[in-house]
Amino acid sequence: MRTTTLATYSRFAALLTAMAAVCTGTTYAGGWEHDQEQLAQMAELHNLHATFHAAVSVHDPVNGDSPAEITQRIKDALSIFAEDAVLNVVGSTATAGNYVGNGDPDDASTCPKPTGDTSAGGKQGTLCTFFKYVAGGLQAANKLVSLSPEYKTKFEPVYENGQWKSSVYFECHYFDVSLNPATGLPFWTAKSHVDLDGEARKIDGKWLLTRVTSGAVGIPIP
């Protein structure tokens with residue numbers, strides 16, 4: 001009985017994913033309507049998307065996250081990137097450039113401070129460098145949440161040469177949710193608007209971002 005119930009639930013979950021795709025406009029590769037396996041890949045990619053936004057958003061907007069909590073959030077963000085992933089931050093600031101490889105926030109040798117090398121072929125550090133020292137949502141002084149417009153989120157999973165891969169696009173719109181002392185309510189002040197554009201691959205059974213670019217975008221308009 002339990003096996004039958006789980007199987008029914010899985011089919012129902014896949015149907016809901018498909019219906020959500022129609023409603024939100026999420027882009028899938030051709031033929032997804034009749035491909036349960038591809039729907040399953042889409043569900044996993046949406047989980048990757050959710051993991052990213054949860055990791056870069058403050059968990060305690062009243063008191064701010066503890067150092068231990070921030071370290072765990074950095075690890076959560078790194079968990080959806082491949083070991084040899086590359087992030088290119090587009091812009092003219094001192095922290096723009098290439099962040100190569102994953103890293104561990106507890107290991108300074110794999111999580112160094114940014115080098116300041118913004119050249120096209122240079123290296124600022126690792127992905128860990130970016131999340132620990134650069135990403136605004138992961139700095140202790142900030143109380144930010146990242147919201148993402150679903151209608152702009154796009155995945156296109158395809159199975160080629162024995163491996164799943166997908167293009168990836170989503171946006172991160174950061175808002176300050178620290179409390180306004182005059183009202184006791186969050187400020188909800190917009191702080192930055194950026195995107196993440198690149199590709200992911202399914203490696204050892206798990207979808208991971210492999211090569212992405214991030215740059216400023218405008219306020220989302222349908």
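What share of the contacts in the protein chain with a separation of 6 or more comes from residues 24 or more positions apart? The share is 57%, where a contact means heavy atoms within 4.5 Å.

Good morning. The structure under discussion is a predicted model, in which local features need pLDDT of at least 70 and side-chain atom pairs count only at pLDDT 80 or more, while totals for chains, interfaces and linings use all residues. Residues are numbered from 1 along each chain as its sequence is written, and side-chain values use heavy atoms, with hydrogens and water left out.

I begin with the overall layout. The protein chain contains four helices and seven strands; these are DSSP runs numbered from the N terminus, helices being H or I with at least four residues and strands being E with at least two. In sequence order the pattern is α-α-α-β-β-α-β-β-β-β-β. Of the 222 residues in the protein chain, 40% are buried. Buried means under 20% relative accessible area, exposed means over 50%, and partly exposed lies in between, with a 1.4 Å probe and protein chains only.

Let us now turn to helix H3. This helix covers residues 67-78, which is 12 residues, and it reaches 17 Å from its first C-alpha to its last. That is close to the 16 Å expected at 1.5 Å a residue, the expected span being 1.5 Å times one less than the number of residues. Which residues of H3 are buried? They are Ile70, Arg73, Ile74, Ala77 and Leu78. Seen down the axis of H3, these buried residues fall within an arc of 140 degrees, so they line one face of the helix; the arc is taken from the directions from the helix axis to the C-beta atoms. The cover over them includes helix H2 (36-55), strand S1 (81-89) and helix H4 (127-134).

Helix H4 is our next stop. Its buried residues include Leu127, Cys128, Thr129, Phe130 and Phe131, and H2, H3, S1 and S2 are among the elements that cover the buried residues of H4. Thr126 counts as buried because its relative accessibility is 10%. What does Thr126 cap? Thr126 caps the N-terminal end of H4, with a side-chain oxygen 3.2 Å from the backbone nitrogen of Cys128. This is a polar contact, that is, a pair of N or O atoms within 3.5 Å; within protein, one must be able to donate a hydrogen and the other to accept it, and residues adjacent in sequence count only if both atoms are side-chain atoms. Leaving out residues up to four places away in sequence, Thr126 also touches several others, including Tyr99, Thr110 and Cys111.

A disulfide is a covalent bond between the sulfur atoms of two cysteines. Here it is assigned to a pair of cysteine sulfur atoms within 2.5 Å, and the structure holds one. The disulfide joins Cys111 to Cys128, with an S to S distance of 2.1 Å. Cys111 lies in the loop between S2 and H4 and Cys128 in helix H4, so the pair ties together parts that are 17 residues apart in sequence. The torsion about the S-S bond is about -85 degrees, so the disulfide is left-handed. Cys111 is buried at 2% relative accessible area, and Cys128 is buried at 0%.

I come next to the aromatic rings. Rings of Phe, Tyr and Trp (its six-membered ring) pair if their centres lie within 6.5 Å; planes under 30 degrees apart count as stacked, over 60 as edge-to-face and the rest as tilted. The count by this rule is seven aromatic pairs. One of them is formed by Phe52 and Phe170, a tilted pair 5.5 Å centre to centre with 55 degrees between the planes. Phe52 belongs to helix H2 and Phe170 to strand S5 (residues 163-176), so to speak distant parts of the chain, 118 residues apart. Phe52 is buried at 5% relative accessible area, and Phe170 at 0%. Ring pairs link Phe52, Phe81, Tyr99, Phe130, Phe131 and Phe170 into a cluster.

Finally, let us consider Ser148. Where is Ser148 placed? Ser148 is in the loop between strand S3 (144-147) and strand S4 (154-160). At 25% relative accessibility, Ser148 is partly exposed. Its side chain makes a polar contact of 3.1 Å with the side chain of His49, and a polar atom of that side chain lies 2.9 Å from the backbone oxygen of Glu171. Thank you.
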